[in-house]
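Here are a few notes to read with the structure open beside you. Take them one at a time, and find each part on screen before moving on.

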Amino acid sequence: MYRYDEFDARMVRERVAEFSGQVARRLAGELSEDEFKPLRLMNGLYLQLHAYMLRVAIPYGTLSSRQMRRLADIARRYDRGYGHFTTRQNIQFNWPKLVDVPAILDALAEVEMHAIQTSGNCIRNVTADHFAGAAADEVEDPRILSEIIRQWSTFHPEFSFLPRKFKIAVTGSPQDRAAIRVHDIGIACIRNAAGEAGYQVFAGGGQGRTPMLAHCVGDFVSRDDILAFLEAVMRVYNEEGRRDNMYKARIKILVHQLGADEMRRRVEAEFAEIKVQGALHLPHAEYQRILSYFAPPPFADLPAVSATEDAARARDGAFAAFVAQNIFPHKVPGYASVSISLKPIGGIPGDADAAQMDAVAEIAARYSFDEIRVTHEQNLVLPHVRRDDLYAVWQALSAAGLATANIGLVTDIIACPGLDYCDLANARSISIAQDISTRFADDASQRDLGELKIKISGCINACGHHHVGHIGILGVDKKGVEHYQISLGGSAAEDASLGEIVGPAVTADSVADAIETIVDVYRAHRTGGERLLDTYRRVGAQPFKERLHAAHQH
Amino acid sequence: MPPISISTRAPGAFEDVADDAPLPVAGAVIVSARRLAAERDGVFARNDAVGVVLQSHESPMQLPPEDLQRLSLVVLMFPKFRDGRGFSWARMLRTRLGFRGEIRARGHFLRDQIFFMARCGIDSLEGDHRITAEAVSAALATFTHVYQPAADGRRSVVLARHG
């Protein structure tokens, strides 16, 4: 894991001091709420329906046990005993008091954490593949570049007052688990024909009310030029992005209006100018310095197959089901990555209480080289577990209520906080997720349906990623009554696509029925090992639309 | 209130001249980009320093290079503190266009932005009553180190690490 040096530590301390001063000026009336708002947002502090919400950065989703314990402490001391892991690999506390926020930031700084740029019209916390450093298909550990980008983008003097927020994601594998095509900038680590390391850069993706997939603007950017290239994209956007209408201010609109070719031309022209200056050249020594922090932990030399695990699977069906669903192959023989579902049946997606956070910290310290990851699907991962230890890990997770064996299944639902917390929402999301989860609770039936990604947003801002759900659910307000539009065919993976609306919007109490109708159509049409997404892509929307119309005409 | 310096350069004394007002007989003036383009020869013939005001949508790249060479001051307007284009304009004036005159920020901005303004190459400020000398000196001391190169010549943390 990356560790702060004296520079990083001082930077975070000075930011806490600056923010404490901003809070004091607000309380003294020297700053209007209109002026304070962007300043507090740039430090992750929102004002929601009932209270302030503090969003803490978890850069590229990587946490140590010590950091997780500190999050548990904060949940206990300053919140109501729980936290909410988000689709951007961060954690949100829903009930902090404004006066406590400087103390929370101090507590975070002690464990090398912060809330810097987790909101606001600036470059946000960088996200990456949650299996980074563990996945067998990895070209390069994406956390190295992510950390380089984190530092370059922190307090960037030119790009802290952009037209709108700006999100960057990095994948180190051809299998895209970081959803790069729906980010403002998406980066894939690649190798060219000569075997040299470089990056493919996409720009202009995003969700919200105008979902778009990013276009490639750089086929192969060499490692030492990557920051200069990113600065070029940012400058074109800062100069030309729309500022007259916040709904048209994201870079995706600029790329769409200019056209991908023209955007590429402008970025290349800007890139050429920046390269002339030379100051943004990334030194090899700095890449190596950061790389050294992400060196593999001291893995043991183990056989690929674990007799202990096999024996446990044979005698314990529940454990076998967990292994079948929640284990991801590791690049080192004898190890596995374990996904911890934060989607218990009927629970709130992404929530964990303080005791659970402590339990995860304990298990990670003992069995996963002290490392934890947060996924953009609102789950956790223990990246490096010996297969010999899987049974013990599963037992410990079971004791903490964290052994739900549903990763990637119909009940592994992404949902935004929705109308239960958020002042932008039109409708509740959490209760819809809970209804669907309860309806499809049966293990055998879930497994029979296979990979099925349901994503729920409580408004058009799409924080719940509904556009890229195999089944997407969007809450809308119709004359004061919550309704839900259902779409099919979205994907955030390397086969990225945007879903299309099928059928009329339904009321909250009919959503689970509608999902069941969709699943029935899938079961009737699927062939071979098709997922619902594959069947939909093959047969089209029509059979689904027909059944939905028939079932939900009133 | 006179402009407050945020660099080693002392702010110059200039008179703002509206587009429909005659140029004064003597003294340094600030004119709009439109007037400069329309009355270039007359404006520069006065033998006094000339400054130009750029609105936030006006890129300094639009100024003819020969004009830029003769300008002593570029005033960048910040109509609303959320409009961050001025940061890019300042940066380009310094690092791309090689502008060596004074760059001044004018309009609505917060002390929380002054550190960034200095980094982007801005020399002086004309803000509201809260932009005082005390606020400026506190703002400039916000961060000891910087993570990235900009227009102020400060060594980034990356370079400091690898000396």
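1. A word on the model first. What you are looking at is a predicted model, so please read each point as a description of a prediction.

2. Let us start with the overall form of chain A. Its C-alpha trace spans about 60 × 60 × 55 Å along the principal axes. Why can we call the radius of gyration of chain A what a compact globule would give? A compact globule with 554 residues would have a value near 24 Å, and chain A has 23 Å, so the two agree.

3. Next, look inside chain A. Its secondary structure consists of 18 helices and 21 strands. Of its 554 residues, 54% count as buried. If you take the contacts in chain A with a separation of 6 or more, 67% of them are between residues 24 or more positions apart.

4. Chain A can also be read in parts. The domain assignment gives domain 1 (6–110), domain 2 (134–291), domain 3 (307–399) and domain 4 (418–552) of chain A. Between domain 2 and domain 3 of chain A, the C-alpha centres are 33 Å apart. Five residues from domain 2 and seven residues from domain 3 of chain A take part in their contact. On the domain 2 side, four residues are nonpolar, one is charged and none is polar.

5. Now for the place where the chains meet.

6. Finally, turn to chain B and trace its open sheet. Seven strands make up this sheet, in the order 1-7-6-5-4-3-2, with mixed pairing. Strand 1 (4–5) and strand 2 (15–16) of chain B are the edge strands, each pairing on one side only. Strand 2 runs parallel to strand 3 (residues 29–32) of chain B, and two bridges join them. B:Asp16 has B:Ile30 in strand 3 as its bridge partner. Helix 4 (residues 85–95) of chain B lies across strand 4 (50–54), strand 5 (73–78) and strand 6 (102–107), at about 160° to strand 5.

Methods. Residues are numbered from 1 along each chain as its sequence is written. Chains are lettered from A and ligands numbered from 1 in the order in which they are written. This is a predicted model: local features need pLDDT of at least 70, side-chain atom pairs count only at pLDDT 80 or more; totals for chains, interfaces and linings use all residues. Helices (H or I, at least four residues) and strands (E, at least two) are DSSP runs, numbered from the N terminus. The radius of gyration is taken over C-alpha atoms; the globule rule is 2.2 Å times the number of residues to the power 0.38. A residue is buried if 20 or more other C-beta atoms lie within 10 Å of its own, exposed if 12 or fewer, and partly exposed in between; C-beta atoms are placed from the backbone. Two residues are in contact if their C-beta atoms, placed from the backbone, lie within 7 Å. Two strands pair if DSSP finds at least two bridges between them. Axes are lines fitted to C-alpha atoms, for helices over the stretch in contact, and angles run from 0 to 180 degrees between N-to-C directions. Domain bounds come from an automatic or database domain assignment. Ala, Val, Leu, Ile, Met, Phe, Trp, Tyr, Cys and Pro count as nonpolar, Asp, Glu, Lys and Arg as charged, and the others, Gly among them, as polar.
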